[in-house]
Amino acid sequence: MGTRIQSHQLKSGLVVSGLPGQQQKEKQPTMASRAVPYIGGDIKKSGELGKMFDIPAAVDPPKQPPSRASTSSSGSMRNSSSGPMRNSSSGPMRNSSGPLNVALPTGLFTSGPLGSGPLGSGLQKRSGQLDNSAVGSGTGSASSKALYGSAVTSLAGDVKVGLRISRPVVWVVMVVVVMGLLVGAFLMVAVKKAVILVAVGAVLVPLFVGLIWNCAWGRRGLLGFVRRYPDTELRGAIDGQYVKVTGVVTCGSIPLESSYQSVSRCVYVSSELYEYRGLGGKSAHAKHCFFSWGLRHSEKFVADFYISDFQSGLRALVKAGYGAKVAPFVKPATVVDIKKENKDMSPGFLRWLADRNLSSDDRVMRLKEGYIKEGSTISVMGVVRRHDNVLMIVPPQEPVSTGCQWFRCLLPSYVEGLVLTCDDNQNADVVPV
């Protein structure tokens, strides 16, 4: 027969093992780490966290040493009261210590309203959408500067069109010119004949004239090359082929809006502020000459969009966002022309300047805006990419050269990235989509 375990009943009604006179030893905690007390949302009781905000910590009253009677029954009291107290009191105290939890679109529960804190701000910045506080309400009434995320490409300055000339050819011409000058100078001093100098001058003058001609007409030559380039049918385009597609554009996931006129549903927008510098006037930039217009401020944005081919009817995704190289050739139109006499007659323009921290003193200014609205007809030049039945047009890795145009006396010029060209009369050619 088994031995019967002796037990007795405490005053609280709990039956425990052992004799009444025996003192149970206090059990050591099973975890080595010290338990962190629940502060109930009071930052004064948080210790090191309160020191970070220069908040004095709450001074707890001195604790009395436990008596022998309480020590003997601490184990039984902990088993009987710790569970109900934690379940009944910790829940309400935790809910009332801070703001209500809010579920994000991703399913994550956070405290505070949606968009507050670093996570909410990060989502707003990464999404690429236009900030609600940055959208104007009507023509010329933009309230603040438009802020886009990384999904929208911000273009700096004007399109750079360079000349592509072989370096060996340049070095050979320079060596020949220097040798001709030296030989001509020697013969002129020794023999008193300037035949060699005249011959060298006859060679140099056409070279300088041709260089100036190419610098002045290089951009127009590039646009002529783009217009004459044949259109490609997307149905027969192969992967990696450089094509030119002409068709109607449709906004992607992120439509753009012009900053001053608030033209919505655009795939490309630009705002350029010019200033006229007279005799003794203020310069718009370091290289601003007298009696000319200088660019003071520029904003250009472009995002991913779709283009529907006129020939085949297929639609392709143009990857112009996320920092892609894009060369837009869109002629802007003058929307505001400010002089000293009519400066106070345009409060919308003054707000536009104030939102961008631009001074509005006595200057002759001109604001130009350009855009490609949804439904417009444009031409895109890029490389075809096919991925999982998705047809895309991406920027080429190498710059595109126009080649020599001998009939127009133009040297080869090049441009980097996607080439976008748009007709001037956009308002009349918009197709409803």
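Between which two strands is the loop that holds asparagine 389? Select asparagine 389 and you land in the loop between β15 (377–387) and β16 (390–394). (Helices, H or I with at least four residues, and strands, E with at least two, are DSSP runs numbered from the N terminus.)

Before moving on, some housekeeping: this is a predicted model, where local features need pLDDT of at least 70, side-chain atom pairs count only at pLDDT 80 or more, and totals for chains, interfaces and linings use all residues. Residues are numbered from 1 along each chain as its sequence is written, and side-chain values use heavy atoms, with hydrogens and water left out.

Asparagine 389 counts as exposed because its relative accessibility is 85%. (Buried means under 20% relative accessible area, exposed over 50%, and partly exposed in between, with a 1.4 Å probe and protein chains only.)

Now jump to cysteine 409, in the loop between β17 (400–401) and β18 (413–415). Cysteine 409 is not a glycine either, yet has a positive phi of about 55 degrees. With 54% relative accessibility, cysteine 409 counts as exposed.

**The annotated spans**

In the model, residues 169–189 are 100% helix and 0% strand, with the end C-alpha atoms 31 Å apart. Residues 195–217 are also 100% helix and 0% strand, and there the end C-alpha atoms lie 34 Å apart.

**An aromatic cluster**

How many aromatic pairs does a search of the whole structure find? The count is 6. (Rings of Phe, Tyr and Trp, the last by its six-membered ring, pair if their centres lie within 6.5 Å; planes under 30 degrees apart count as stacked, over 60 as edge-to-face and the rest as tilted.)

Show the side chains of Phe225, Tyr229 and Tyr242, which ring pairs link into a cluster. The rings of phenylalanine 225 and tyrosine 229 have centres 5.8 Å apart and planes at 65 degrees, so this pair is edge-to-face. Phenylalanine 225 counts as buried at 17% relative accessibility, while tyrosine 229 counts as partly exposed at 23%. Tyrosine 229 also pairs with tyrosine 242: the centres are 6.1 Å apart and the planes at 90 degrees, so that pair is edge-to-face too. Tyrosine 229 lies in the loop between α6 (195–228) and β7 (242–251) and tyrosine 242 in strand β7, so the pair ties together parts that are 13 residues apart in sequence.

**Charges over rings**

Two more side-chain stops. Arginine 366 lies over the face of tryptophan 293, 4.2 Å from the ring centre. Lysine 368 lies over the face of tyrosine 274, 5.3 Å from the ring centre. (The rule: NZ of Lys or CZ of Arg is within 6 Å of the ring centre and within 35 degrees of the ring normal.)

**A three-stranded sheet**

Switch to cartoon and pick out β6, β18 and β17: these 3 strands form an open sheet in the order β6-β18-β17, with antiparallel pairing. β6 (162–163) and β17 stand at the edges with a single partner strand each, so one side of each is left without a neighbour in the sheet. α6 packs on the sheet and touches β6, β17 and β18; its direction makes about 55 degrees with that of β18. (Contact means heavy atoms within 4.5 Å; axes are lines fitted to C-alpha atoms, for helices over the stretch in contact, and angles run from 0 to 180 degrees between N-to-C directions.)

β17 and β18 pair over 2 bridges; two strands pair if DSSP finds at least two bridges between them. Zoom in and you'll find valine 400 opposite valine 415 in β18.

**Last stop: β19**

Select 418–422, which is strand β19. Of its 5 residues, 5 are buried, so β19 is largely enclosed by the rest of the structure. Leu418, Leu420 and Cys422 point one way, and Val419 and Thr421 the other.

Which strands flank your view here? Strand β12 (residues 326–329) pairs with β19 in the parallel sense over 4 bridges, with valine 326 opposite leucine 418. β15 pairs with β19 in the antiparallel sense, over 4 bridges, and serine 379 has threonine 421 as its bridge partner.

Finish on threonine 421, which counts as buried at 15% relative accessibility. Leaving aside neighbours within four places in sequence, threonine 421 is in contact with Val226, Phe329, Ile378 and Ser379.
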